[in-house]
Amino acid sequence: MEVFYYVVFGVLGIVVATLELSKNNKDRINTSSAFTSFKNNYLVVYSLMMAGDWLQGPYVYYLYSTYGYSKGDIGQLFIAGFGSSMLFGTIVGSLADKQGRKRACVTYCITYILSCITKHSPQYKVLMVGRVLGGIATSLLFSSFESWLVAEHNKRGFEQQWLSLTFSKAVFFGNGLVAIIAGLFGNLLVHSFSLGPVAPFDAAACFLAIGMAVILSSWSENYGDPSDNKDLITQFRGAAVAIASDEKIALLGAIQSLFEGSMYTFVFLWTPALSPNDEEIPHGFIFATFMLASMLGSSLASRLLSRSSPKVESYMQIVFLVSAASLLLPIIMASLVAPSKVKGGGISFSGCFQLLGFCVFEACVGLFWPSIMKMRSQYIPEEARSTIMNFFRIPLNIFVCVVLYNVNEFPMTVMFGMCSIFLFIASLLQRRLMMIADKPKANDWTPLNERNAEEAPLNI
């Protein structure tokens, strides 16, 4: 492995450690012992859930290829996962609001464990079922846990500002430290112990089972709107009314879709961008470096969110602009450096610069997650939180499916340029959100069944 990778990883590690150790009283939030216990319980569960997810990620494509499937077949399996998340995500989100967020979190564990079990079969239909289950699980992961946390936090009477502490720690551990450990652990199982590419999925199922046991034994149930006469169609209409009647919610949904769409596209593009001529690059170590950069971003977010100024709506404009600039690097390097035609070898000079830019983008990802969680907790109505959050994922999943379907049709520079444009648009929308953040809504959102009851006499 080249020294360059160690240097980048080492510098990021030193910066993250320095940021964490140098926090002063202004960077810390004074909390109660009851909140600390509540927060730690959630962080344990969330870390176990993310471990189950991160263990699988690096080996899904590899496993399918060992079963003998072509790139096209594997692409269809991936599209099935995102399509499943799009089609069923809103339904499971609505059920979570009505039937209970704790039940939805347990359903996530069961669904993902079943998805892991399907990986033992080389049959295409069985693997397709696994991808569908995985898509449903992903929708639950990115909506039900956050919805449960916000509702339970408010139900227990904790201060609103303390939410930002839980969000930043969840990203720091779950999306950073756990991701690094999971990558190294998966590499140990597959390569060091020679247990094969299905071993990480079995390990993931074990972590998910442990997390489910903690949820069942220590979490209480909470709901969005437990009204018995509110069916799924009414919930969908209510969520649509909430988005249409409040510009803040609509802006937040557009910002989230634009950023996450660019992020998931980046996940598919970084490998060919760094090794366009089949250069030998350490994928696992680079992945760990990206996760360390994400930890850097979440550490910065922790400091920013603990202070009253600058507000999250303000600094996120800069984050989106920086992320847009970082994804322009492949385009800039392609125009300045003639592409090499030599196959193999180590990472190129152009690849080194792109790797640094990608680390900047991952730091922006680390800043994005706790910040968007904070804004969602402020703007999304509690009555339909899971439903609305999964509504936001519909355009995201459509976008990713289109990209996957046409990934071979466009040059890589066009794809990165498209992502950069989306991030620039997100910055403009974020500026608009900042301008109206303190303005009251023209019409307060109320549950649709209440609104219908108020309007009923007019229809007589």
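Is serine 420 buried or exposed? Serine 420 counts as buried, because its relative accessibility is 6%, where buried means under 20% relative accessible area, exposed over 50% and partly exposed in between, with a 1.4 Å probe and protein chains only.

## The model and its numbering

This is a predicted model, in which local features need pLDDT of at least 70 and side-chain atom pairs count only at pLDDT 80 or more, while totals for chains, interfaces and linings use all residues. Residues are numbered from 1 along each chain as its sequence is written, and side-chain values use heavy atoms, with hydrogens and water left out.

Serine 420 lies in helix α17, which covers residues 412–436; helices are DSSP runs of H or I with at least four residues, strands are runs of E with at least two, and both are numbered from the N terminus. Serine 420 is 240 residues from isoleucine 180 in sequence, and the two C-alpha atoms are 27 Å apart in space.

## Helices α1 and α15

Helix α1 (residues 3–21) packs with α15 at an angle of about 20°, and their axes are 12 Å apart. That angle makes α1 roughly parallel to α15, since angles under 35 degrees count as roughly parallel, over 145 as roughly antiparallel, 65 to 115 as roughly perpendicular and the rest as oblique. The axes are lines fitted to C-alpha atoms, for helices over the stretch in contact, and the angles run from 0 to 180 degrees between N-to-C directions.

## A nonpolar surface patch

Leu328, Ile332, Leu336, Val337, Phe349, Phe353 and Leu356 make a nonpolar surface patch of about 630 Å². Patches are made of residues with over 30% relative accessible area and no salt bridge, with like charges joined within 9 Å and nonpolar side chains (Val, Leu, Ile, Met, Phe, Trp, Tyr) within 5 Å; accessible areas come from the Shrake-Rupley method with a 1.4 Å probe, and for residues only the protein chains shown count as cover.

Helices α14 (329–336) and α15 (349–379) each supply at least two residues of this patch, and α15 gives the most, with three residues. Isoleucine 332 is found in helix α14 and counts as partly exposed, because its relative accessibility is 38%.

## Salt bridges

The count comes to six salt bridges, each being a side-chain nitrogen of Lys or Arg within 4 Å of a carboxyl oxygen of Asp or Glu. One of them joins glutamate 221 to arginine 103, with the closest N and O atoms 3.6 Å apart. This pair links distant parts of the chain, 118 residues apart, with glutamate 221 in the loop between α9 and α10 (232–245) and arginine 103 in helix α5 (residues 101–118). Arginine 103 is partly exposed, with a relative accessible area of 46%.

Another salt bridge joins the side chains of arginine 376 and glutamate 146, at 2.4 Å from N to O. Arginine 376 in helix α15 and glutamate 146 in helix α7 (residues 144–155) are 230 residues apart, and their pairing links distant parts of the chain. Arginine 376 counts as buried at 3% relative accessibility, and glutamate 146 counts as buried at 5%.

## Serine 194

Serine 194 has a positive phi of about 55° although it is not a glycine. Serine 194 is placed in the loop between α8 (162–192) and α9 (199–218), and it counts as exposed because its relative accessibility is 58%.
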